[in-house]
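Reader: I'm new to this one. Could you walk me through how to read it?

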Amino acid sequence: MPRNHRKTIKKTVSYIAGFKYCFEKNIPLSNIKIMHIFPSMRCNQRCKMCFQSDFSREMPRYYYMEKLIPVYPYLKLVIFQGGEPTIVPEVKELMEFLNTRYPRIKLGIMTNGYFFDDFWINKFVKYGKFVSFSINAASKETYNSIVQNGNWEKVNLNIKKFVDIKTRDNSNVSVWASFVVLNDNIHELSKFILFCNGLGVNKIRFFYSGRLLPKNRSIIEDELRKARILEKELTDIEIDGLDFFEFREFNKRFFSNCPFPFNEISIEVNGRVSFCCHFGETIGNLNFNSIEKIWNSLVAKKYRALFKKRDYRYCSGYCDPYYNKKNGIFYGQ
Ligand SMILES: C[S@@+](CC[C@H](N)C(=O)[O-])C[C@H]1O[C@@H](n2cnc3c(N)ncnc32)[C@H](O)[C@@H]1O
Ligand code: SF4
């Protein structure tokens with residue numbers, strides 16, 4: 001049989017098979033507790049490993065001021081991603097809108113820290129659930145080898161100021177620091193834990209880029225061993241992502257359930273809707289459908305059914321369901 005005929009038959013079969021997901025239960029919109037939003041892809045920095053190919057796209061305002069309104073009353077947390085949210089005026093506008101209209105919603109942000117000035121410090125001390133600083137290094141030299149247009153001293157000062165003010169004001173906001181493990185910084189993996197502990201960070205998250213994983217096995221083994229020792233000793237700091245590294249490097253498997261497809265959505269700059277930013281597939285697009293339709297679309301139901309069977313084939317990389325650490329860790333395939 002010619003190849004393109006086989007392809008058409010395969011596509012038709014999978015299309016018809018997809019209809020079985022019609023019978024999956026609808027999940028009410030009120031289940032959505034966390035929303036990730038990518039208001040802009042603009043960024044003041046250029047990091048070596050950044051997966052973004054576009055640094056200019058902006059989210060149309062009507063997505064978050066109109067199309068997402070039905071979700072806001074149920075949310076507990078909105079997480080600003082990007083791009084770099086601190087350089088986007090529309091992020092300030094949306095935060096103001098949420099704080100005024102939905103004061104129950106807490107805020108989270110992923111930032112490179114460069115422009116994390118008094119405005120952001122005060123906002124997050126008051127309304128924040130967490131601030132995740134992308135640092136990626138434990139020394140200025142390594143930082144400079146990864147981050148273009150960054151400023152090691154400035155970022156460090158901003159984090160220190162944030163920690164001081166949050167402590168002074170007795171705020172519950174959590175301070176996170178992230179480190180994408182690369183050839184350039186693998187030698188500082190364990191040092192990063194000590195460095196963050198000194199800064200007053202509450203939680204460290206190690207991330208990985210499939211295409212840029214470090215190669216030197218003896219350094220990896222040594223750093224992982226030292227990191228595990230520190231993890232036991234430093235009980236005040238939470239460390240996520242080492243399991244995933246061990247899974248990747250030494251095939252130490254770990255299993256759990258991911259809750260995201262049932263209570264979380266991610267809204268990308270172009271209107272694409274997904275369950276989270278590590279989930280490679282789209283469940284719909286705000287340009288063509290309402291959020292209610294997208295949340296219970298046939299594809300959303302299909303992916304939920306896969307997740308229920310712990311089939312994570314569409315997930316990429318490590319992820320951290322932060323509100324359910326004990327049961328929530330899962331791996332991508
Ligand atoms: C793309 S950035 C956007 C937010 C902000 N500009 C920042 O750097 O935190 C979101 C997160 O993705 C991480 N990241 C960047 N490139 C990555 C890659 N290739 N693999 C895994 N994580 C990556 C960053 O370190 C950061 O923690
Ligand atoms: S700061 Fe964030 S968005 Fe900007 S280049 Fe680095 S990882 Fe990418």
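Reader: Is asparagine 170 buried or exposed?

Author: The general idea is to count neighbours: a residue is buried if 20 or more other C-beta atoms (placed from the backbone) lie within 10 Å of its own, exposed if 12 or fewer, and partly exposed in between. Asparagine 170 counts as exposed, because it has 7 C-beta neighbours inside 10 Å. Its phi is positive, about 55°, although it is not a glycine. You'll find asparagine 170 in the loop between helix 6 and strand 7.

Reader: Before we go on, what am I looking at, and how do the labels work?

Author: This is a predicted model, where local features need pLDDT of at least 70 and side-chain atom pairs count only at pLDDT 80 or more, while totals for chains, interfaces and linings use all residues. Residues are numbered from 1 along each chain as its sequence is written, and chains are lettered from A and ligands numbered from 1 in the order in which they are written.

Reader: How many helices and strands are there?

Author: Both are DSSP runs numbered from the N terminus: helices are H or I with at least four residues, strands are E with at least two. The chain has 13 helices and twelve strands. Of its 333 residues, 38% count as buried.

Reader: In what order do the strands of the open sheet sit?

Author: Strands of a sheet pair through backbone hydrogen bonds, either parallel or antiparallel. Two strands count as paired if DSSP finds at least two bridges between them. Here ten strands make an open sheet with mixed pairing, in the order 9-8-7-5-4-3-1-10-11-12. Strand 9 (238-240) and strand 12 (284-285) are at the edges with a single partner strand each, so one side of each has no neighbour in the sheet. For a closer look, strand 1 (34-37) runs parallel to strand 3 (77-80), joined by four bridges. Histidine 36 sits opposite isoleucine 79 in strand 3. Strand 7 and strand 8 are also parallel, with six bridges.

Reader: Which residues touch the most other members of the largest nonpolar core?

Author: Think of a core as a set of buried Ala, Val, Leu, Ile, Met, Phe, Trp, Tyr and Cys residues joined through C-beta atoms within 7 Å. The largest one has 78 residues, and Met35, Val78, Val131, Val181, Ile204 and Ile267 touch the most other members. Strand 7 gives the largest share of this core, six residues.

Reader: Which buried residues does helix 12 have?

Author: In helix 12 (298-308) they are Ala300, Lys301, Tyr303 and Phe307. Seen down the helix axis, they fall within an arc of 165° (taken from the directions from the axis to the C-beta atoms), so they line one face of helix 12.

Reader: And which residues come nearest to ligand 1?

Author: For a shell, a residue is near a molecule if its C-beta atom, placed from the backbone, lies within 6 Å of it. Ligand 1 has 16 residues around it, of which Met49, Met110, Ser134, Phe207 and Ser209 come nearest. Strand 4 (106-111) and strand 7 (174-181) each supply at least two residues of that shell. Around ligand 2 you'll meet residues including Cys43, Cys47, Gly82, Gly83 and Ser134.

Reader: What kind of peptide bond joins glycine 82 and glycine 83?

Author: That bond is cis, with omega about 20°. Glycine 83 lies in the loop between strand 3 and helix 3 (89-101).
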